[in-house]
Amino acid sequence: MSTTNLPGALPAPNSDFYMIADCLSDKEREKLAEVREFAEKKANPIVNEYWAKDAFPFELLPPFKELNIAGAGYTGYGCAGGGTLFAGFLAMELARVDCSLATFFGVHSGLAMGSIFLCGSEEQKEHWLPQMARLEKIGSFGLTEPLVGSGASGGLLTTAKREGDHWILNGEKKWIGNATWGDLTIIWARDLEDNQVKGFIVENNAPGFRAEKIENKMALKIVQNAHIIMENCIVPEANRLQEDSSFRDTARVLRMTRSFVAWEAVGCMMGAYENALLYAQNRLQFGKPIAKFQLVQDLLVKMLGNITASQTMCVRLSQIQDAGKLKDEHASLAKAFCTVKMRECVGWAREVLGANGILLDHNIGRFVADSEAIYSYEGTREMNTLIVGKAITGFGAFV
């Protein structure tokens, strides 16, 4: 690059413009730095290759285990501990390099471990959580079905029937991350006896359980999503989540993890912005870096504005959660807002790169594609909007 009219040293891309990391303790920032080093030095060099192959990079599991971050936000049982603010930063940091790795972490640590932590008996927590915290057992979360997505609260088609000391599960689940190769799946099914939704820890080698890989995805291609079929799947009563009795308990898990998805959306924006800024500083057109052009700077500043607004919203959301004051509408507003801003942000990053924005080479194409999955899972924008709408107006507008 020509150095004519350039400052001596260009500022390195930094998407923490308002220094939100200062909200963490020194120890938490040290751990976050370890996660960043793992993501940048071990994950970043290979994720595009695996994304293109639609495969999971199992070679990353040993160094990932060494981070000891599974179970962040949960106290005891061998879990990483800390508050939900720290857990949110972890999700953001992973998504900043690859949204698929953040999703793998969120499904295992947030949804699967969270279900057992919130809805399991003491015996179940003592048995399963330490193994999962060490990543000796990998978990999945099975709520969504081929024909039931947003209507899961009252319309699950998967059924559970008790017969003595075990249950018989029948039905299908779709989009279940980690389930093609993991060890256990939290399956939510409707009890035929009382018509209530109950949760089950189903080992993936259980009789009658089958997980088929979903092919031809355009987003989060590193995550191995499964279409699960259960045909008279046998699950012992000991594996029914003992503190779960209705969808209200399922909703507690979703309320917690929906916050993490907002953090993931922020990380996705950060990754797109930093890659776009680095590109703009080095890409020459008309004899100078495109970062010198007003229209490019306008796009970059709008991206940074979206990121900073979303970061500060997520920080406050996690503070509310750590204070025990989190309500559904709080998590839903953040998930809806941050994912909309994420979509804008990755689009502007792609615009900065022009035609190169559709390539994996500069990472932007991957962030653009992966953002579409984050936009939809853990509740669509429309459903989260209705949750907030009911809270602020007093009127439910659901079907």
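Axes here are lines fitted to C-alpha atoms, for helices over the stretch in contact, and angles run from 0 to 180 degrees between N-to-C directions. The structure described is a predicted model.

**Helix packing**

Two packed helices are described by the angle between their axes and the distance between the axes. Two such pairs are set out below.

| Helix pair | Angle between axes | Distance between axes |
|---|---|---|
| H5 (residues 99-119) and H6 (residues 122-133) | about 165° | 9 Å |
| H9 (residues 294-322) and H10 (residues 328-353) | about 160° | 9 Å |

How are H5 and H6 oriented, roughly parallel or roughly antiparallel? Angles over 145 degrees count as roughly antiparallel, and with an angle of about 165° H5 and H6 are therefore roughly antiparallel to each other. Their crossing is left-handed.

For H9 and H10 the angle is about 160°, and these helices are therefore roughly antiparallel to each other as well. The crossing of H9 and H10 is left-handed, and the residues that make up the contact of H9 with H10 comprise 18 nonpolar, 3 polar and 4 charged. Helix H10 itself is built of 26 residues and spans 38 Å from its first C-alpha to its last, which is close to the 38 Å expected at 1.5 Å a residue. After H10 comes Gly 354, a residue with a positive phi, near 60°.

**Positive phi at non-glycine residues**

Trp 175, although not a glycine, has a positive phi of about 70°. This residue belongs to strand E3, which runs over residues 166-177, and Trp 175 is partly exposed, with a relative accessible area of 48%. Asn 178, likewise not a glycine, has a positive phi of about 75°, and its place is in the loop between E3 and strand E4 (184-191). Is Asn 178 buried or exposed? With a relative accessible area of 1%, Asn 178 is buried.

**Cysteines**

A disulfide is a covalent bond between the sulfur atoms of two cysteines. The model holds 0 disulfides. Cys 233 takes part in none, and the cysteine sulfur nearest to that of Cys 233, belonging to Cys 119, is 19 Å away. Cys 233 is also buried, its relative accessible area being 0%.

Ser 15 is located in the segment before helix H1 (26-43) and is buried, with a relative accessible area of 0%. Although 289 residues separate Ser 15 from Leu 304 in sequence, their C-alpha atoms are 6.8 Å apart in space.

Ser 376 is part of helix H11, which covers residues 364-376, and at 40% relative accessibility this serine counts as partly exposed. The C-alpha atom of Ser 376 is separated by 22 Å from that of Ala 189, a residue 187 positions away along the chain.

Conventions. Residues are numbered from 1 along each chain as its sequence is written. This is a predicted model: local features need pLDDT of at least 70, side-chain atom pairs count only at pLDDT 80 or more; totals for chains, interfaces and linings use all residues. Side-chain values use heavy atoms; hydrogens and water are left out. Helices (H or I, at least four residues) and strands (E, at least two) are DSSP runs, numbered from the N terminus. Buried means under 20% relative accessible area, exposed over 50%, partly exposed in between (1.4 Å probe, protein chains only). Angles under 35 degrees count as roughly parallel, over 145 as roughly antiparallel, 65 to 115 as roughly perpendicular and the rest as oblique. A crossing is left-handed if the near helix is turned anticlockwise from the far one by less than a right angle, and right-handed if clockwise. Ala, Val, Leu, Ile, Met, Phe, Trp, Tyr, Cys and Pro count as nonpolar, Asp, Glu, Lys and Arg as charged, and the others, Gly among them, as polar. The expected span of a helix is 1.5 Å times one less than its number of residues. A disulfide is a pair of cysteine sulfur atoms within 2.5 Å.
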